[in-house]
Structure formats: C-alpha cells, structure tokens
Amino acid sequence: MKTAIKILALAIALAAQPAFAGRDPGERLEHMKKELKLTPEQTEQVRKILEEFEPQRKALHEQKRALHEQVRSRLKAVLSKEQGEKLDKMAEERRARHHRGWDTEPGKSPSP
C-alpha cells in the first residue's frame, strides 16, 4: 500500500511539473497540499518523495540549460548577426512569458 501511495504521489508531482517549474520543493508541497487537500500523513509522504527526487530534478534542469546553450550557440553559428540578435530577443521574450506564468494560479493562463 505504501508503495502505491508513493507511486501515486510521484505521478501527481510529475504530471503537475509544468505548474511547479521553478518552484522549490517546499512551494510545490504547499501547492499540492492545498490543491489536493492532502492529509497530514500524505503531506509527509509527498514531502519525502519530493526531497528524494530533488537532486535528480536539479541535475536534469542543469542538463537542459546546458543543452539549450549548445543549441543556441550552434544556431548562431549559421545565422547572420541580425538573425542571431533576433534569436536572442525571441529567447528573452520566451523567458519573460515563462516567468509571468509563475505569477498565475496553476491551471490559469498568464496575462497577455
């Protein structure tokens, strides 16, 4: 039974990951606690799961960031200076939209 609860909690955490992007485990836990109406026992189990997987999540985040940088570097090598500048601007706009999304309630679209 405990294994089933752990798997369910992990599946919920992973499925909700976009809503939690950029949040630390404590923020994710509080959000899940509120939205899922977790019992105290569930809250503790979910906390342990989030803490257990946090190092892997961080490592993947860093790998993803490094991959993005490699791709951008390779792209800029084939683009003109103006195109490279526009690519940088597009990336900045994407980051701004992403950060604006953190300020919205999960499940709601960020303001345009």
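The following questions and answers concern a predicted model of one protein chain.

Residues are numbered from 1 along each chain as its sequence is written, and side-chain values use heavy atoms, with hydrogens and water left out. As the model is predicted, local features need pLDDT of at least 70 and side-chain atom pairs pLDDT 80 or more, while totals for chains, interfaces and linings use all residues.

Biologist: Which pattern does the protein chain follow along the sequence?
Modeller: Helices (H or I, at least four residues) and strands (E, at least two) are DSSP runs, numbered from the N terminus. The chain has five helices and zero strands. Read along the sequence, the pattern is α-α-α-α-α.

Biologist: Where do the buried residues of H3 lie, seen down the axis of the helix?
Modeller: Buried means under 20% relative accessible area, exposed over 50%, and partly exposed in between (1.4 Å probe, protein chains only). In H3, Pro25, Arg28, Leu29, His31 and Met32 are buried. Their directions, taken from the helix axis to the C-beta atoms, fall within an arc of 165 degrees, so these residues line one face of the helix.

Biologist: How far apart are the end C-alpha atoms of helix H3?
Modeller: The expected span of a helix is 1.5 Å times one less than its number of residues. Helix H3 (residues 25-36) has 12 residues and should span 16 Å. The model agrees, with its end C-alpha atoms apart by 16 Å.

Biologist: What separates arginine 47 and glutamate 51 in helix H4?
Modeller: Their side chains meet in a salt bridge at 2.7 Å, N to O. Arginine 47 is partly exposed at 26% relative accessibility, and glutamate 51 is partly exposed at 44%. Being four residues apart in helix H4, arginine 47 and glutamate 51 are separated by about one helical turn.

Biologist: Which residues are linked in a network of salt bridges?
Modeller: The structure holds eight salt bridges. The linked residues are Arg28, Glu54 and Arg57.

Note on methods:
A salt bridge is a side-chain nitrogen of Lys or Arg within 4 Å of a carboxyl oxygen of Asp or Glu.
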